[in-house]
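Please read it alongside the structure shown here.

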Amino acid sequence: MASFVETGPQAPVTEAIRVDKVSPRSRLTRTVRALIVIIVTFIGLIPVFVMGITAFKSRADVVAVPPKLVFKPTLEGFVYLLTERAVLTQDRLAEAQAHIDELNWMQRIALENGQEITGPSDYVFRLKNSAIIAGVSTIVSVGLGLLAAYAFSRFDVPGKGDLLFFILSTRMLPAVVVTIPLFLMYRQLKLHDTHLGMILLYTVFNLSLSVWLLKGFIDEIPREYEEAALVDGYTRLQAFFKIVLPQALTGVAATTVFSLIFAWNEYAFALMLTSERARTAPPSIATMLGRGGIEWSAIAAGSLGFLIPVVIVTFALRRYLLRGVTFGAIRQ
Amino acid sequence: MATIELRQVEKRFGDLQAVKPMDLTIHDGEFVVLLGPSGCGKTTTLRMISGLETVTGGTILLDGRNVTWLHPSERDIAFVFQFFALYPHMTVRQNIAFPLQAQGESHEAIEKRVDEVVELLEIGHLLDMRPGKLSGGDQQRVALARALVRRPAAFLMDEPLGALDADFRETMRAEIKRLHIVQNATTVYVTHDQVEAMAMADRIVVMSEAEIQQVGTPAEVYHKPANLFVARFIGSPGMNLVRGHYADGVVHMPGADNHYSVPPDWRRVLDETFGGEGEVIVGFRPEAAIVSDEGTLAGQVYASDLHGAYTMLHVNMNEHDIIHIRSDRLVLHPIGTPVRFDINPEMVRFFDPRTEKAISREVGQ
Ligand SMILES: Nc1ncnc2c1ncn2[C@@H]1O[C@H](COP(=O)(O)OP(=O)(O)O)[C@@H](O)[C@H]1O
Ligand SMILES: [Mg+2]
């Protein structure tokens with residue numbers, strides 16, 4: 001500071017700061033605040049970090065006490081997660097080692113532990129179920145929510161207030177309360193353990209969120225924009241797609257991420273309402289705990305793989321999300 | 001180009017009557033201004049013509065074609081909104097081309113037409129910008145270009161200058177008027193600013209309380225207001241309105257010896273209207289009062305403001321009435337001094353306080 005006072009600005013002054021206005025306290029609070037944010041972030045990320053390193057540890061390293069921070073990374077956990085394996089007999093083992101050049105990396109890792117791969121594990125299949133169910137239900141609930149939100153925002157729907165409250169009220173009971181009735185109902189309707197059943201369930205569950213969120217965003221778009229399009233020769237539907245939708249993208253992105261995260265992570269319903277064909281990944285990661293000793297590295301690998309799609313989608317939509325999570329409060 | 005005809009058109013929002021049944025014909029190429037205070041139903045009327053609002057009664061004809069129940073897109077009308085409503089996610093060029101794309105014109109035709117309009121409005125340098133980056137005036141020009149590009153049968157403009165800075169309004173006013181002269185398109189223009197209405201209109205439709213009060217040229221609504229509302233609303237300040245008692249060709253107004261002799265051609269009309277005598281309201285514009293020492297009417301100067309070319313005197317005629325007189329800027333009238341004046345007999349009007357309507361010489365003859 002002293003040098004500034006003596007010599008004047010050394011670079012173009014782009015921001016005027018009155019020296020008497022910079023109180024040492026405000027600078028201190030800023031530093032403290034940043035420090036708190038860093039610490040909280042750090043604490044929040046510890047489990048993710050542990051999960052991340054555990055996924056690459058070998059069986060022996062996983063159980064080492066104290067936990068190893070430096071270890072030889074291996075993809076063992078992933079192989080265990082993704083494949084079914086069988087233990088090889090002595091002579092089959094020797095035979096396999098002779099042909100090691102013909103094996104792929106997964107088979108080689110299995111072989112190091114004296115096993116051969118017999119096929120893909122259930123987890124692959126269940127991850128696919130998760131993707132289908134979460135993907136379709138998100139698309140449907142955001143699509144339907146968008147149309148419903150538009151109608152609620154723009155038209156005099158009879159009983160609008162009651163309908164909106166009814167839609168919101170579907171979210172008011174905790175999941176545990178409704179799983180039993182749902183379970184019985186689904187059995188009767190033969191929706192138990194079907195993709196359709198889970199898609200319907202997640203769609204309905206997300207619909208209340210998406211209608212309310214999107215209505216907020218659409219309310220923010222002045223109707224003059226569509227009206228201008230209407231007098232300019234477009235139909236209501238064309239105006240919706242050409243004018244409203246592009247301006248509601250922020251809201252659509254935010255709603256998509258929220259819906260997807262719910263459907264992707266949902267555990268309680270999936271555990272109760274699916275068993276084989278439509279079982280999603282979250283309950284199956286938990287059941288891995290049970291089978292012949294705890295495969296910590298496989299569980300960590302499964303959790304890690306499970307996180308990645310959410311991270312990718314959120315990252316891809318981050319441009320919209322930064323404005324979206326303020327729920328339309330800030331416009332351009 | 002088109003004639004717009006409203007027959008008994010009305011709009012109710014539940015219990016609220018936003019527009020009472022209204023008849024109005026707007027001729028081909030005419031510039032008609034809907035003028036009235038906020039909330040009187042101007043926007044609703046305009047939106048019904050465009051089809052953005054359905055009518056709750058009556059018929060709308062466009063060139064004789066009944067369009068009452070047609071979708072806005074089928075009416076061939078352009079609408080300029082108060083806040084322009086330029087599509088924020090499109091560039092200026094895309095905004096202007098948008099109405100033409102609805103008609104499925106070829107790429108070349110669109111391009112050519114956009115260039116024409118852009119040249120007319122001198123906005124070539126803005127084409128690749130987003131509307132959010134433009135000044136109010138430029139947004140206005142782009143909105144006008146988007147309205148013009150389709151060559152619609154009629155233009156509807158809802159307070160298009162309302163969102164602009166005061167000093168810029170005059171420029172845009174002239175520009176809109178110029179465009180109207182060049183294009184000669186039927187235009188319905190809504191404003192609550194009577195100066196704007198007087199400056200731009202071929203005909204003014206004065207509205208209040210969901211009703212048409214008067215339809216006429218700017219001169220007509222100024223000089224021959226149909227009722228007390230129009231007399232007060234048009235002009236700044238509005239018409240002086242002084243209540244008095246009429247008998248035998250003289251109006252006795254409150255205040256010391258304020259006896260106004262009614263011009264001879266008005267006497268018979270007033271005699272007929274009131275059956276000899278009755279309460280009447282005398283109306284005259286500030287410029288119709290002539291200050292002179294021999295004037296038959298008198299008052300006390302209450303305030304005076306110099307307006308450059310003239311002085312506006314505010315005169316207390318009695319405890320109720322402060323009237324405004326436009327007087328010579330060179331003659332000083334200190335506050336509190338008495339002043340005498342006459343009313344130009346050509347410019348005096350009479351109103352019936354029972355009906356609040358103007359008394360007409362023509363009907364009496
Ligand atoms: N969509 C609507 N619903 C209910 N009332 C409305 C609606 N639009 C306008 N109004 C009412 O109708 C009256 C006329 O409004 P408007 O035409 O906008 O007046 P102006 O444009 O002359 O200011 C006002 O009292 C207004 O509150
Ligand atoms: Mg209005």
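The model is predicted, so local features need pLDDT of at least 70 and side-chain atom pairs count only at pLDDT 80 or more, whereas totals for chains, interfaces and linings use all residues. Residues are numbered from 1 along each chain as its sequence is written, chains are lettered from A and ligands numbered from 1 in the order in which they are written, and side-chain values use heavy atoms, with hydrogens and water left out.

**Domains of chain A**

- Chain A comprises domain 1 (2–54), domain 2 (62–120) and domain 3 (123–325), with bounds from an automatic or database domain assignment.
- The centres of domain 2 and domain 3 of chain A, taken over C-alpha atoms, are 38 Å apart.
- Eight residues from domain 2 of chain A and eleven residues from domain 3 of chain A make up the contact (heavy atoms within 4.5 Å).

**Interface of domains 2 and 3 of chain A**

- About 780 Å² is buried between domain 2 and domain 3 of chain A, 79% of it on carbon and sulfur atoms; buried area is the accessible area (1.4 Å probe) that two parts lose on being put together, summed over both.
- On the side of domain 2 of chain A, the most area is lost to domain 3 by A:V62, A:Y80 and A:L81, together 55% of what that side buries.
- The interface of domain 2 and domain 3 of chain A has zero salt bridges (a side-chain nitrogen of Lys or Arg within 4 Å of a carboxyl oxygen of Asp or Glu).
- Helix α4 (residues 76–82) of chain A gives the most to the domain 2 side, with five residues; helices are DSSP runs (H or I, at least four residues), as are strands (E, at least two), numbered from the N terminus.

**Cis peptide bonds**

- A:V65 and A:P66 are joined by a cis peptide bond with omega about -5°, and A:P66 lies in the loop between α3 (59–62) and α4 of chain A.
- B:S236 and B:P237 are joined by a cis peptide bond with omega about -5°; B:P237 sits in the loop between α8 (228–233) and β11 (240–247) of chain B.

- A:D193, not a glycine, has a positive phi of about 60° and falls in the loop between α9 (175–188) and α10 (195–219) of chain A.
- A:D193 counts as buried at 5% relative accessibility (buried means under 20% relative accessible area, exposed over 50%, partly exposed in between; 1.4 Å probe, protein chains only).
- B:E159, also a residue other than glycine, has a positive phi near 45° and is in the loop between β7 (154–158) and α5 (166–183) of chain B.
- B:E159 is buried, with a relative accessible area of 11%.
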